[in-house]
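Subject: Structure handover and findings

Hello,

Here is the structure I promised to pass on.

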Amino acid sequence: MGNQAKNYKSKLQTIMISATFGGLLFGYDTGVVNGALPFMAKRDQLNLTPVTEGLVTSSLLLGAAFGSLLCGQLADRFGRRKMILNLSFLFLLATLGTTFAPNISFMVVSRFLLGLAVGGASAMVPAFLAEMAPAENRGRMVAQNEIMITGGQLLAYVFNAILGVTMGSTGHVWRYMLFICAIPAFMLFIGMLRVPESPRWLVAKGRKEEALRVLKQIREEKRAIAEFQEIELSVKKEAGLEKASMKDFSAPWLRTLLLIGIGVAVVNQITGVNSIMYYGTQILEQAGFGTKTALIANIANGLISVISVVFGIWLIGKINRRPMLIIGLSGTTTCLFLIAIFSTVLKGTVALPYVVLSLTVLFLAFMQGFVGPITWLVTAEIFPQRLRGLGNGISVFCLWIVNFIIGFTFPILLSKLGLSATFSAFVVIGIIGIVFVYKFMPETNGRTLEELEEYFRSRYSKDNKESLRKAL
């Protein structure tokens with residue numbers, strides 16, 4: 001029995017590590033632009049203005065919005081594993097496009113294609129992990145993807161700093177920064193070759209023997225059979241229903257879940273986290289650091305993100321989702337408020353860049369330790385099997401659209417309004433996010449995905465207004 005348990009854990013570990021290379025790519029591709037922009041913007045390179053800086057950065061985010069929406073539906077049709085495999089090719093091709101981009105237009109198109117892959121990974125990997133994980137470990141296993149995302153961002157900051165400091169005089173150093181992403185793209189492809197398909201998707205497609213065989217690889221035999229029967233029963237209930245589409249969300253309880261999923265996803269972005277992740281170098285430069293010092297200082301942001309996610313994964317098993325998210329949002333909003341205050345009070349002083357750096361590090365501790373893991377986990381948990389890909393895809397689509405808006409407008413706001421006024425706006429929006437979570441987000445901890453479906457069906461089965469009221 002001991003060896004069998006070890007084999008189950010080993011197989012689950014292989015699945016988790018392989019799939020979450022998609023998260024590593026997500027992290028590196030979104031983080032690398034932070035250090036690449038100052039070099040890319042130079043006159044002898046792409047000669048970027050605040051507007052074109054925003055366009056280069058946010059084109060990936062717009063692509064990610066559509067990638068999350070389209071790939072979620074494709075995953076429901078062709079399978080999670082196959083789609084993640086296909087994404088690895090897109091990651092590789094788009095990475096080469098950004099590396100060799102001769103002008104802004106080519107860069108924007110390549111970044112958009114890269115965004116399709118990033119968005120697809122952001123929608124599919126958490127859903128895939130949620131379907132493979134046992135109920136008691138689902139929170140931690142899905143949240144492992146957050147470690148890889150923040151790990152990818154940390155790697156981007158480290159390589160940015162190394163290349164920026166040692167090769168800063170080389171005009172095209174930013175091309176080397178972007179090219180490194182080709183390595184994890186290749187590793188994602190190799191890893192996913194060893195991973196089985198989701199048993200829940202296999203049952204939904206009538207491939208029951210294969211589904212049971214997969215479950216027996218990752219569960220003790222009695223539990224595998226029991227879980228197979230539970231999945232089979234859930235799929236039978238949906239057998240008479242048509243293919244998943246937007247009209248399914250006309251049912252009050254499903255419409256309520258969709259609104260909650262979108263709300264939780266949007267709350268993740270209105271914290272302003274990606275203004276720091278994408279433009280951290282520019283923020284620290286405006287606070288008073290030089291470019292090379294800012295590149296090195298950014299490593300602290302990446303390091304605290306990884307440490308905080310590890311802490312957050314441990315914490316997920318200790319407290320419920322809803323209070324954890326409220327604590328995180330309260331912390332991020334407070335940090336942004338302090339940045340706004342000190343940017344005015346300490347303007348022009350030697351202390352300001354160090355104060356801003358300290359507050360961005362604290363901000364990311366709350367964001368990555370509390371807010372990030374819960375966001376991806378809840379959006380992967382709340383939708384029923386038949387609509388999981390579509391519902392999660394729509395939620396993540398909205399997340400990326402808000403991300404796109406912030407990514408495009410932030411450098412413009414920073415150049416026009418300055419640090420203090422820009423972050424003051426995020427404070428106001430952050431308070432709205434806290435109110436939404438407090439009033440509307442349900443608790444999902446402690447139930448299997450099938451139990452959650454039954455719980456939501458009974459809880460939100462009346463009219464939409466009443467359903468939202470019940471989410472209190």
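At what angle do the axes of helix 4 and helix 8 cross, and within what distance do they come? Bear in mind that this is a predicted model. The two axes cross at roughly 160 degrees and come within 9 Å. Helix 4 covers residues 80–99, and helix 8 covers residues 182–192. Angles over 145 degrees count as roughly antiparallel, so helix 4 is roughly antiparallel to helix 8. The crossing is left-handed.

On the helix 4 side, the contact is made by Arg81, Ile84, Leu85, Ser88, Phe89, Phe91, Leu92 and Thr95. Helix 8 answers with Ala182, Ala185, Leu188, Phe189 and Met192. By class, that contact has ten nonpolar residues, two polar and one charged.

Next, helix 13. It has two partners worth a look.

The axes of helix 13 and helix 16 lie 10 Å apart, at an angle of about 170 degrees. The pair is therefore roughly antiparallel. Helix 13 brings Val273, Ile276, Met277, Ile283, Leu284 and Ala287 to the contact. From helix 16 come Leu352, Pro353, Val356, Leu357, Thr360, Phe363, Leu364, Met367 and Gln368. The classes here are 13 nonpolar, two polar and no charged.

Helix 13 (residues 273–287) and helix 18 (residues 419–440) have axes that come within 12 Å and cross at roughly 155 degrees. That angle makes helix 13 roughly antiparallel to helix 18. This crossing is left-handed. Ser275, Ile283 and Gln286 of helix 13 meet Leu419, Phe423 and Phe426 of helix 18. Four of the contact residues are nonpolar, two are polar and none is charged. Note Ile283: it takes part in the contact with helix 16 and in the contact with helix 18.

Now the core. In soluble globular proteins, nonpolar side chains tend to be buried together. The largest nonpolar core in this model has 150 residues. Which residues have the most contacts inside it? They are Met40, Phe91, Trp400 and Phe423. Helix 16 (residues 352–381) gives the most to this core, with 14 residues.

Phe91 is part of the contact of helix 4 with helix 8. Phe423 is part of the contact of helix 13 with helix 18. Beyond its neighbours within four places in sequence, Phe423 touches Ser275, Ile283, Leu336, Ile339, Ala340 and Phe410.

Helix 16 also holds Trp376. Is Trp376 buried or exposed? Its relative accessibility is 7%, so Trp376 counts as buried. Leaving out neighbours within four places in sequence, Trp376 is in contact with Phe26, Ser122, Pro126, Val142, Glu146, Val396 and Leu399. Tyr176 is 200 residues away from Trp376 in sequence, and their C-alpha atoms are 31 Å apart.

Last, a backbone point. Most residues other than glycine have a negative phi. Asn47 is not a glycine, yet its phi is positive, at about 50 degrees. Where is Asn47 placed? Asn47 sits in the loop between helix 2 (21–40) and helix 3 (50–78). Asn47 has a relative accessible area of 44%, so it is partly exposed.

Best regards

Key:
Residues are numbered from 1 along each chain as its sequence is written. This is a predicted model: local features need pLDDT of at least 70, side-chain atom pairs count only at pLDDT 80 or more; totals for chains, interfaces and linings use all residues. Side-chain values use heavy atoms; hydrogens and water are left out. Axes are lines fitted to C-alpha atoms, for helices over the stretch in contact, and angles run from 0 to 180 degrees between N-to-C directions. Helices (H or I, at least four residues) and strands (E, at least two) are DSSP runs, numbered from the N terminus. Angles under 35 degrees count as roughly parallel, over 145 as roughly antiparallel, 65 to 115 as roughly perpendicular and the rest as oblique. A crossing is left-handed if the near helix is turned anticlockwise from the far one by less than a right angle, and right-handed if clockwise. Contact means heavy atoms within 4.5 Å. Ala, Val, Leu, Ile, Met, Phe, Trp, Tyr, Cys and Pro count as nonpolar, Asp, Glu, Lys and Arg as charged, and the others, Gly among them, as polar. A nonpolar core is a set of buried Ala, Val, Leu, Ile, Met, Phe, Trp, Tyr and Cys residues joined through side-chain atoms within 4.5 Å. Buried means under 20% relative accessible area, exposed over 50%, partly exposed in between (1.4 Å probe, protein chains only).
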